[in-house]
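This briefing walks through the structure shown below, topic by topic.

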Amino acid sequence: MSRTLAAAARVVLKQYRFEVGAAVLAALAVGIWALVVEYRLDALDVPPGCIQDWLWRVDTGEDIAGCAGPMRTWGEILTGQGGIILEGEGMAPFSWMGVLPFAVGLLGGVPIVARELEAGTAQTAWSLNGLRTRWLLRQVMPVAILLGIAVAFAAFAVEAAVEADVAWGGYASFHIGDHGPLVLTRAVGAFGIGLLTGALLGRTLPAFVSGAVLAFALVFAVDMAHDAWLKRLEPTVIAEVSPLTGEIVDVPRTVTTGWGVRTPEGAMISFAEARVIVDAARVAAPDPNDEQDLTALGWLEEHGYTLLPLGVTDEMALGWAPYDALAFGLVGVASIGGAVVLVNRRRPT
Amino acid sequence: MLAAARVVLKQHRFEVGAAAIAALAVGVWALLVGLQVRMLGVPPGCIEAWLASGTDEQTECLGLLRTWSGIVETPVIGVMVYIPFATGLLGSVPIVARELESRTAQRAWSLNPSRRRWLFRQLAPVMVILGASLTFAALATSLLEADRVIVGYSPVDDLGLYGPLIVARAFGAFGVGLLVGALLGRTLPAFVLGVALTVALTFVVSSVREEWVKRLEPAVVSEMSAGGGTILVPHAVITAIAFRTPDGQQISIEDARAIAHTAGAAQPAPDDEQDLPAAVWLERHGYAELDLGVTMEMALGWAPYDALAFVIVGVASIAGTIPMVNRRRPT
Amino acid sequence: MPEPPLRTERFGRRYRRSRPWAVRDISLAFPDGSMTALVGPNGAGKSTLIRACLGFERPDEGRILVAGIDPQRDRPAAVEAIGYIPQSPSLYRSLTIGDHLVMALAARRSFDRDHALARVREAGLSERRKIGELSVGEQVQVALALALGTRAPLLLLDEPLASLDPLARRDFLTALVADVRGRGATAVLSSHIVTDVEQACDRLVVLGDGRLLLDAAIATAKEEHRTVPASELDGGRGAIGTFAGPDGQLLALVLDGSAGRPASLEEIVLGHLAAARAGRVAQTA
């Protein structure tokens, strides 16, 4: 029986060899690229402590014990080669790791039902298989397993680049969804969407396009929910005086969620409260077109008020990760469930 | 003929509809952004006065212009990275690929003695609809770009994302999609391959552009010294770095570094591509760092070549599709 | 009384409320072990009836029972009891014949791969061949192999002979009959080539205009029906229907045992179809 199932799985992969092949290749390419970035960074053999020292002294241009050269190169590798997979390039707002799970998920999910309907083979498949749900799961499993492995490879290969970016001063919470298990949950979400649109539309290309639009909308919605969640966290002042320069600088590894104002007496007030003070004292009416109210900011600075960033630590911001996984995971599961219902109801063309 | 054209559009209604809607939506979005800018009511002469003042004093004008800048910092231009290619591919891939995939090619090619004429009758209505939609988007983004340039955005950076180049790029993608559709005979794989090929094409064109810009005769466009920086040519495209000696002579960066090391600056670490010791020595000894480059107008001279590249690819791909359609066995 | 392998009770289906019924008021019982020819012109409702047995069409009236199972209530069980050949072969062009056998085996534990493979080889095909390289006739042979391999008690074959040459039709029917008779299965074979199915089948169902026109054993039908020149009838009275003979002469199908000559199966079908058409024309008029 297991030999039969394995043979059947091979036939399924053969059916979808182009899409599965392209998706696997894309994931492998990104993963290998990430490993090359990791290799290049490791090969620099940056002395310990360089990173922290470098982040503080980069503006002064001083060379600290042989750190400068390696650190500059390190940064160039991260922002160049590493940046492509994590941050996008030029005008393109999407990084490779931002796009990969969705491209892989859609490529894998769309043709499973859509192609059967489009090619008119659904009646053969559904006349041989009494239980269409079982047929669907047998089609899904080999594809999902293979793509899952490929995406997992990319997701974990990029960990080193993310760690390096965080060490360089980046934010771990900015990389939610770019690495690790969350890449897989995003791929599950996209896979489910592709499966559902394929079952609904019964044509591969329209289903792929619709799936891409829906996946994009989902990402947008999750991002908005993320922003709202961040704003609900209890913020603290995330600025401090630099021991080197004496200026107020952001505390490393914090995420800004708002702004507060410190009065000359040392009390912390909200920006809205500060604006009330400005409005009460101001001679000229505020400029309605000046959205940042630069005039108000200027008045506050002149009168000894200090604008300070409020926010949360990177660790707190990382608390979004489970919700991110939940969102995409739920959408994926719900979509797959919807596809099961659709497959059971559809008339095979 | 019109009835036949309507039938063709009905055949591909999803793809043509989605592509046209995307292009129109972006165009409308661009126009809305422009409308927002118009509604600011920036007084006449405000911009010139601000540019002439050369300061960042808190003026009413500055506030308006900052708002203007915020409005035109819109994702519309970013989205135009994708729209022409998506539109072109969506419109063209199914034309031959779907006939083969759904096995209607034998019907189509048995009714039409000339497959070439059949192909053009399929292409024409789709190209007219998509061409019109993209032309609208091109015009709308041109207006938006004009608003962006006023507040300092570089049209060179945005090249290919507004104006007629959008239509040229879409045409290139259209040809690529038609060809891979005829080659593979399946819509989704052809679309995926078409995306990969257009990405590669864009990369190649960008690389050629960089080389082309580097070959232009550079001039000094900005200067950096211990006293600060001066922009001599706004919106210039920087292509190289040089130095000016304390006695006013312009030398290359290699010569400047050699001078620094000869005079005692430490040798850089093997991975120090920017040669920090030399840079510090040069700054301390009165050498000014010069950015060499070309003016915006010179850099924009690439635009016709950009258009030509994509149009040539489009024409060649469509031409390549014809023999393929003529030779294919209809499934 | 044991449940027949296939029974329909006033089965009716139409695709849209504004459209005419594709089939209506079809009540049939297919005896166990029978081979039934389901005959009728294009659009008569043959495919609709067959597809409804698999749950591919939903009845708008009445119901269908496959071995006592309503496909609308328990489709998996109904499908498991059926081996099916669709109107077009519906095979995967990029896969080989062997791949299809693997798929069938994974789909049904009872699938007899060896039997199916033997049928493939009898048809002169190799399991390594890709479907896309086969002619339509060869694809039909593969589809038959898959259907026979299911060893299902009920075989539903939707116009499988249309793409086959005469020799291939004969081979197809020989294989089908041997399999069905050999294991006592029941088969329903829809076709509009009446002379072919006459050899293989023992029952005849004629559909026309979406209605049931005739349901009888072939032997009985041939005993009861006779053909006479229409000119010999008084104004066509007593005729089931009139139709043109091969030489153009107008013939009438009658039930009068003494008149004319025994009707051929084709004439029986034509006569009943003519009657249905006349009824439609009368309605239109």
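## How chain C meets chain A

In this predicted model, the contact between chain C and chain A takes 23 residues from chain C and 20 residues from chain A. On the side of chain C that touches chain A, helix 3 of chain C gives the largest share, seven residues, and the elements that give two or more residues are helix 2 (75-80) and helix 3 of chain C. By class, that side of chain C has 16 nonpolar, two polar and five charged residues.

**Helix 3 of chain C**

- Helix 3 (residues 97-107) of chain C is largely enclosed by the rest of the structure, because ten of its eleven residues are buried.
- The buried residues of helix 3 of chain C include I97(C), D99(C) and H100(C), as well as the run from L101(C) through V102(C), M103(C), A104(C), L105(C) and A106(C) to A107(C).
- These buried residues pack against elements of two chains, namely helix 1 (2-15), helix 6 (122-128) and helix 7 (132-157) of chain A, and helix 4 (113-122) and helix 5 (136-149) of chain C.

**The other chain pairs**

- Two pairs of chains touch, and of these the pair formed by chains A and B has the most contacts.
- Chain B and chain C do not touch, and their nearest C-alpha atoms are 8 Å apart.

**Chain A as a whole**

- Chain A contains 14 helices and six strands, and 44% of its 349 residues are buried.
- Among the contacts in chain A between residues at least 6 apart in sequence, 77% join residues at least 24 apart.
- The domain assignment divides chain A into domain 1 (2-232 + 318-345) and domain 2 (236-315), and the contact between them takes eight residues from domain 1 and seven residues from domain 2.
- On the side of domain 1 of chain A that touches domain 2 of chain A, five residues are nonpolar, two are polar and one is charged.

**Helices 9 and 10 of chain A**

- Helix 9 (residues 181-201) and helix 10 (residues 204-232) of chain A pack with their axes 8 Å apart and at an angle of about 140°, which makes helix 9 of chain A oblique to helix 10 of chain A.
- Helix 9 of chain A passes helix 10 of chain A in a right-handed crossing, and the residues that make the contact include G189(A), A190(A), I193(A) and G194(A) of helix 9 and A207(A), S210(A), G211(A) and L214(A) of helix 10.
- The residues of this contact divide into eight nonpolar, seven polar and no charged.

Definitions and conventions: Residues are numbered from 1 along each chain as its sequence is written. Chains are lettered from A and ligands numbered from 1 in the order in which they are written. This is a predicted model: local features need pLDDT of at least 70, side-chain atom pairs count only at pLDDT 80 or more; totals for chains, interfaces and linings use all residues. Domain bounds come from an automatic or database domain assignment. Ala, Val, Leu, Ile, Met, Phe, Trp, Tyr, Cys and Pro count as nonpolar, Asp, Glu, Lys and Arg as charged, and the others, Gly among them, as polar. A residue is buried if 20 or more other C-beta atoms lie within 10 Å of its own, exposed if 12 or fewer, and partly exposed in between; C-beta atoms are placed from the backbone. Helices (H or I, at least four residues) and strands (E, at least two) are DSSP runs, numbered from the N terminus. Axes are lines fitted to C-alpha atoms, for helices over the stretch in contact, and angles run from 0 to 180 degrees between N-to-C directions. Angles under 35 degrees count as roughly parallel, over 145 as roughly antiparallel, 65 to 115 as roughly perpendicular and the rest as oblique. A crossing is left-handed if the near helix is turned anticlockwise from the far one by less than a right angle, and right-handed if clockwise.
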